[in-house]
Amino acid sequence: MPVVELSFKNLQKLIGKVSKKQLSDNLPFLGLDIESEENDSIRIEYSPNRPDFSTDFGIALGMQGLLGIKTGILKLKITNSKNYSITVKNDVSKVRPFVTGIIAKGGKIDDQIIKQFMAMQEDLHFGIGRQRKKSSIGIHDLDKIQFPLIYTTTSRTHKFIPLNAKSESSITQILESTQVGKDYGHLLANSQKVPIILDSNNQTVSFPPIINGSITTVLPKTKNLFVEVTGINKEEAENMLAIVATILQSAGFSLESINISGAKNSSPKFLERKILLDPLLVNQILGLDLNTSKIISCLKKCRLDGVLKGKKIQCTIPAYRFDIFGEMDLVEEVALGYGIQNLTPTLTPSQTIGQTNLISEKIKLLTNSMVGFGFIEALNSSLTSKRILYDNSNRIDSLSLSVLDSKSLEHTILRDSILPQLIENLSRNIHEPYPQKIFETGTVFLSRKEIDEEFNFAGIVAHQDANYSEMKSILQSALKTSFDLDIETKTNSEPLFEDGYCANITIKNNSVGLIGKINSKVLENYKIRVPVMGFEISLSNSIL
């Protein structure tokens, strides 16, 4: 989670009449976590979906609403100007097709504000910019730039003085020799043409998404700013700009528009959105009985607006609140405006008395026994891969159960055995000291007439002197201690185990699993260099 370091005095000055204690008490109810407080300094952790909280100006905007000092939507006041324009050439469409921007004038800038602006810029790059891939920001000294600007492409031999440098470098040198070039140069792939913003004097303003030109460096004496955002998606670039424009206006800058044209680009509109909210949903989710006027008041405390439209509330969402998608997001805003601290939790009425599940009690006994024997409990996912379950484990893929539309390219199969995953766990710890003892209890899925779920228990021991007798005695002791059950074993064969070192496990004449020495081919697949003994039994029928 991103963290911003702020000054109590600055926050108090921006918010209005509010004490330091009031700030400390109410910041968490804005959805912020206080990481630390020391003298005048406070470190605040905020959610990445609220990048407007990346500066004290954005936090002050939210706190004014929460405390009722200023409520309702903040309207962006943008003066239409004919003095500033950017022409976009068609050649950028294949590398980074969109650019947008805004002019900000008359603000007061010091080292602290520059530091906050730079931190906001990097947080936006990391979050909604997806490490500058989707969008990136450049903040420039407006008075060093001669409009109109051109957004075009240039060759990698193009030279200019990059930010924080004193001499010219070519694009190739910047990408190969600077840290920022090494970090983000891959975004340009192998394109021989790279995006560039030039002013009317052919000065390099920006080489997005890598670095600005040195000539437009923002300093404490800077009064006027030019902000540009480039990206691969127009809407996301404008979302990022909306955040910056809101912060700049809150910081005392006056905003002016830029005329942007060419290659499917246009000037940003910062449009507000409308979403209908059902008051019944609000009260149902929050367990309250709020009338529509109270709900609208709560929304305004979160710097939104709302008006009654029939039986529903039409909510107005500012452009910078692109984290709000639908009604449930608005319910959350009502909760914040109402005050999380004012919500009274109530227990759901129950028709039964809760008690621990009997099976869970039995599994707990087994777990405690294995931990007492020096084993570490593993917790693997039920979703695994064909490589782990069958290929590397020397097992036959007869009736594997695949999951449709898995979010993972590899983990697409429901496990029918736990032991292969425990062996894979060992392979990830081959540099750790031996002996290594691991066990797991969990669900496996078997394809029969229907898909059956069974609860299995598996254990594994790996060290130079691991042997069958050790493994059998551990299993026998665990079952005897936990369930007062005895086991019997009879020679068997299974591809996962070494020939002649595998046995079938029976309890009360019922076959429940296998025990033995793991096949050397399996160990070789996982680069495990010590003997490994393992067992796996089903707990579903004879035990639980």
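In the predicted model, strands β23 and β24 (residues 413-414) pair in the antiparallel sense over 2 bridges. Leucine 401 stands opposite leucine 414 of β24. This pairing belongs to an open sheet of 3 strands, arranged in the order β22-β24-β23 with antiparallel pairing. The edges of the sheet are formed by β22 (383-384) and β23 (401-402), each of which pairs on one side only. In general, the strands of a sheet pair through backbone hydrogen bonds, in either a parallel or an antiparallel arrangement.

Aromatic contacts were examined next. A pair of aromatic rings is described by the distance of the centres and the angle of the planes. With rings counted as paired if their centres lie within 6.5 Å, the count comes to 4 aromatic pairs. In one of these, the ring centres of tyrosine 84 and phenylalanine 147 are 5.0 Å apart and the planes meet at 80 degrees, so the pair is classed as edge-to-face. Tyrosine 84 occupies the loop between β4 (78-79) and β5 (85-88), while phenylalanine 147 occupies the loop between β7 (135-141) and β8 (149-155); the pair therefore ties together parts that are 63 residues apart in sequence. Tyrosine 84 and phenylalanine 147 are both buried.

Phenylalanine 147 also pairs with phenylalanine 226: the centres of these rings are 5.5 Å apart and their planes stand at 85 degrees, so this pair is likewise edge-to-face. Here, too, distant parts of the chain are linked, since phenylalanine 147 lies in the loop between β7 and β8 and phenylalanine 226 in strand β14 (residues 225-231), 79 residues apart. Both phenylalanine 147 and phenylalanine 226 are buried. Through these ring pairs, Tyr84, Phe147 and Phe226 are linked into a cluster.

Charged side chains are also placed over aromatic rings. The charged end of arginine 132 sits over the ring of tyrosine 184, at 4.1 Å from its centre. Lysine 517 lies over the face of tyrosine 501, with a distance of 5.2 Å from the ring centre.

In helix α1 (residues 8-15), the buried residues are Phe8, Leu11 and Ile15. These residues cover an arc of only 65 degrees around the axis, which places them on the same side of α1. The elements covering the buried residues of α1 include β1 (3-7), α2 (20-26), β2 (33-38), β3 (41-45) and α3 (56-66). At the start of α1, a side-chain oxygen of serine 7 comes to within 3.3 Å of the backbone nitrogen of lysine 9.

Asparagine 239 is located in helix α7 (residues 234-250) and, at 18% relative accessibility, counts as buried. Apart from neighbours within four places in sequence, asparagine 239 is in contact with Ala319 and Phe322. Lysine 193 is found in strand β11 (residues 193-198) and is partly exposed, with a relative accessible area of 46%. When residues up to four places away in sequence are not counted, lysine 193 touches Val95, Thr153, Thr154 and Ser155. The C-alpha atoms of lysine 193 and serine 54, which are 139 residues apart along the chain, are separated by 34 Å.

Methods: Residues numbered from 1 in each chain as written. Predicted model: local features only at pLDDT ≥ 70, side-chain atom pairs only at ≥ 80, totals over all residues. Heavy atoms only, no water. Phe/Tyr/Trp six-rings, centres within 6.5 Å; stacked < 30°, edge-to-face > 60°. Helix = DSSP H or I, 4+ residues; strand = E, 2+ residues; numbered from the N terminus. Buried < 20%, exposed > 50% of the residue type's maximum accessible area, 1.4 Å probe, protein only. Lys NZ or Arg CZ within 6 Å of the ring centre and 35° of its normal. Pairing = 2+ DSSP bridges. Arc of directions from axis to C-beta. Contact = heavy atoms within 4.5 Å. Polar contact = N/O pair within 3.5 Å; in protein donor to acceptor, adjacent residues only side chain to side chain.
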